[in-house]
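Dear colleague,

Please find below the structure that I am handing over to you.

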Amino acid sequence: MPDPDLDFASRRRAFLRTTVGALSAAAAATLGLPIVRALFVAPPASGVAWSRVGPVDALGAGSPLEMKFETLGEDAFLRTPELRSVWAVRSGAGNIEVYSPVCPHLGCHYLWNPGSGRFECPCHASVFALDGRVLSGPAPRPLDTLEHRVDAGVLYVRWTQFRAGVARKTAV
Ligand code: FES
């Protein structure tokens, strides 16, 4: 006749082995998937994904529009939506230019002043023309343009952050 104590002990060992195995597999999958994705999923050619900003049909010539949208911030484990904005400007010829909303001086967010017809930064009073040129103030370079395209009336941008306070436009 089998020893019931011995039978219980072996069933308990088997149960613990199965549980520990399942937990180890789950932990390996959780930790390993981001690594596998980083190794085998190719990033976009420029390293920056396109973000959908929105329709540009309401964008009038000479009247910049601040357009808000979301990008997906990624670290090894999480994809977190991040709220962004850009200034879109349509020229008289109908071309669209897109500026980062970050002042190239020290990184404040500047605004469009419809009264003066200028972009103005509230932090240290840099002033920019509609075409992004520095008109006055300490800004060391023009407004930073962003790579963009328009598909079927919808604006897409490659969101990029640039180094503030330097004369050369440099992505960070
Ligand atoms: S941050 Fe805009 S002028 Fe200084």
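In what order do the three strands of the open sheet lie, and is their pairing parallel or antiparallel? The order is 1-10-9, and the pairing is antiparallel. Before the details, please note that this is a predicted model, in which local features need pLDDT of at least 70, side-chain atom pairs count only at pLDDT 80 or more, and totals for chains, interfaces and linings use all residues. Residues are numbered from 1 along each chain as its sequence is written, and side-chain values use heavy atoms, with hydrogens and water left out.

The sheet

Strands of a sheet pair through backbone hydrogen bonds, either parallel or antiparallel. Here, two strands are taken to pair if DSSP finds at least two bridges between them. Strand 1 (50-55) and strand 9 (148-151) are the edge strands, each pairing on one side only. From one strand to the next, the twist averages 25°, an angle between N-to-C directions on a scale from 0 to 180 degrees, with axes fitted as lines to C-alpha atoms. Strand 1 and strand 10 (residues 154-158) run antiparallel and are joined by five bridges. Within this pair, P55 stands opposite V154 of strand 10.

The chain as a whole

The protein chain contains one helix and 10 strands. Both are DSSP runs numbered from the N terminus: helices are H or I with at least four residues, and strands are E with at least two. Of its 172 residues, 28% count as buried, that is, under 20% relative accessible area, whereas exposed means over 50% and partly exposed lies in between (1.4 Å probe, protein chains only).

The cysteines

How many disulfides does a search of the whole structure find? The search finds one, a disulfide being a pair of cysteine sulfur atoms within 2.5 Å. This disulfide joins C108 to C123, with an S to S distance of 1.9 Å. The link of C108 and C123 is left-handed, with -95° about the S-S bond. C108 lies in the loop between strand 4 (96-99) and strand 5 (111-113), and C123 in the loop between strand 6 (118-120) and strand 7 (127-128), so the pair ties together parts that are 15 residues apart in sequence.

C123 counts as partly exposed, at 37% relative accessibility. C103, by contrast, is buried, with a relative accessible area of 2%, and C121 counts as buried at 6% relative accessibility.

Yours sincerely
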